[in-house]
Amino acid sequence: MTETLSNTNENERSLVMSCAVLGAAVGVFGIAFGVGSVAAGGSIAMTCVMSLLVFTGASQFSAVSVIASGGSTAAALGGASLLAARNGVYGLAMSRTLQGSVFSRLVAAQITIDESTAMSTAQTHPRAARTAFWWTGVSVYVFWNLGTLIGALAGSAIDPEQFGLDAAFPAGFVAMVIPHLRHQNGRRAAAIGAVACALTIPFLPPGVPILCAAVGVLVGVKRP
Amino acid sequence: MSWTLVLALSAIAYFFKATGLVVVGGRHLPGAVNRCLDLIPAALVSALIVNSTLGGDDGIVFDARAIGVAAAMLLAAKRAPLVVVIMAGAAVTALARAAGLAA
């Protein structure tokens, strides 16, 4: 009995450790976001408030990169909102694990993102699933915002183009898209999205081609 | 970039997160809807790569960014860590630009 208990504590410690390490890794993305956001004309305050309140990386990157390419606020919001919609799915996936008070679920909602959902759903025990969700969510929140601040301060001190920082966004996107290419449907959706975007760039206002790429998700309609 | 964008996106992002967790709760969405939602990142992020690598003032341009992003792709395909991918993408772009390979 004591042995089982100490094993559980041992497992829990190593789980908490992995969650913290994951958060620190995401902090690197935070730095890239901070740099890119000030390069796109955002103030340090706007950049930091966006990370504190929006707190969903892909949407933030998308919004800022559309603005950087000359897109309107509406075009930036469109693509970013589509990317934010998947957090709704994560919320659905987490709703069985997180059955606390309405207040605790409203707090949990803010940290319902790719990383916390992935870490939590990878656990077999409900208790470990809750631990993984909260520790990952909180650690990503802390490091993401810290990284954003560092990046925003550094980015406003240098000339972003001289250091090739305008390529930091697409390079970050490359790293982000890789896990989605493991399944055939993911590869199809990605190919259709990229082609739809490339074909419409010459004709449509900046940012709108990103929305056209959403047609790629329709490969999911058919049962695999 | 504007405060309108920051605050509107904050509201929209929180709306989606809270809807799934608090409002819809344990209910299920149809399978086709779930499968399509799962594919949003693949379709949109690949478009974002194209847009932020090749997007220019007058349509598609190939410049130093394309060289940097090609390097990033090679490294990502070889499972290099995230930080390496981002830094290599930026560094190669900066070098290509400094060498005058492409504007």
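Domain bounds here come from an automatic or database domain assignment. With that in mind, the C-alpha centres of domain 1 and domain 2 of chain A sit 24 Å apart. This is a predicted model, where local features need pLDDT of at least 70, side-chain atom pairs count only at pLDDT 80 or more, and totals for chains, interfaces and linings use all residues. Residues are numbered from 1 along each chain as its sequence is written, while chains are lettered from A and ligands numbered from 1 in the order in which they are written.

**The two domains of chain A**
- Domain 1 covers 2–163 and domain 2 covers 182–224.
- Eleven residues of domain 1 of chain A are in contact with seven of domain 2 of chain A (in contact: C-beta atoms, placed from the backbone, within 7 Å).
- On the domain 1 side, α3 and α4 of chain A each give at least two residues, and α4(A) has the largest share with five residues. (Helices are DSSP runs of H or I, at least four residues, and strands are runs of E, at least two, numbered from the N terminus.)
- That domain 1 side has four nonpolar, seven polar and no charged residues (Ala, Val, Leu, Ile, Met, Phe, Trp, Tyr, Cys and Pro count as nonpolar, Asp, Glu, Lys and Arg as charged, and the others, Gly among them, as polar).

**Where chain A meets chain B**
- Here 90 residues of chain A touch 65 residues of chain B.
- α4(A) turns up again, giving the largest share of the chain A side with 18 residues.
- Sorted by class, that side of chain A has 61 nonpolar, 25 polar and four charged residues.

**One helix pair up close**
- The axes of α5(A) and α1(B) come within 8 Å and cross at roughly 135° (axes are lines fitted to C-alpha atoms, for helices over the stretch in contact, with angles from 0 to 180 degrees between N-to-C directions).
- That angle makes α5(A) oblique to α1(B) (under 35 degrees is roughly parallel, over 145 roughly antiparallel, 65 to 115 roughly perpendicular, and the rest oblique).
- Among the residues making this contact are V102(A) and R105(A) from α5(A), plus Y14(B) and K17(B) from α1(B).
- The residues of this contact split into eight nonpolar, one polar and two charged.

**Chain B on its own**
- Chain B has five helices and two strands, in the order α-α-α-β-β-α-α along the sequence.
- Its C-alpha atoms fill a box of roughly 55 × 35 × 25 Å, taken along the principal axes.

Key
Two residues are in contact if their C-beta atoms, placed from the backbone, lie within 7 Å.
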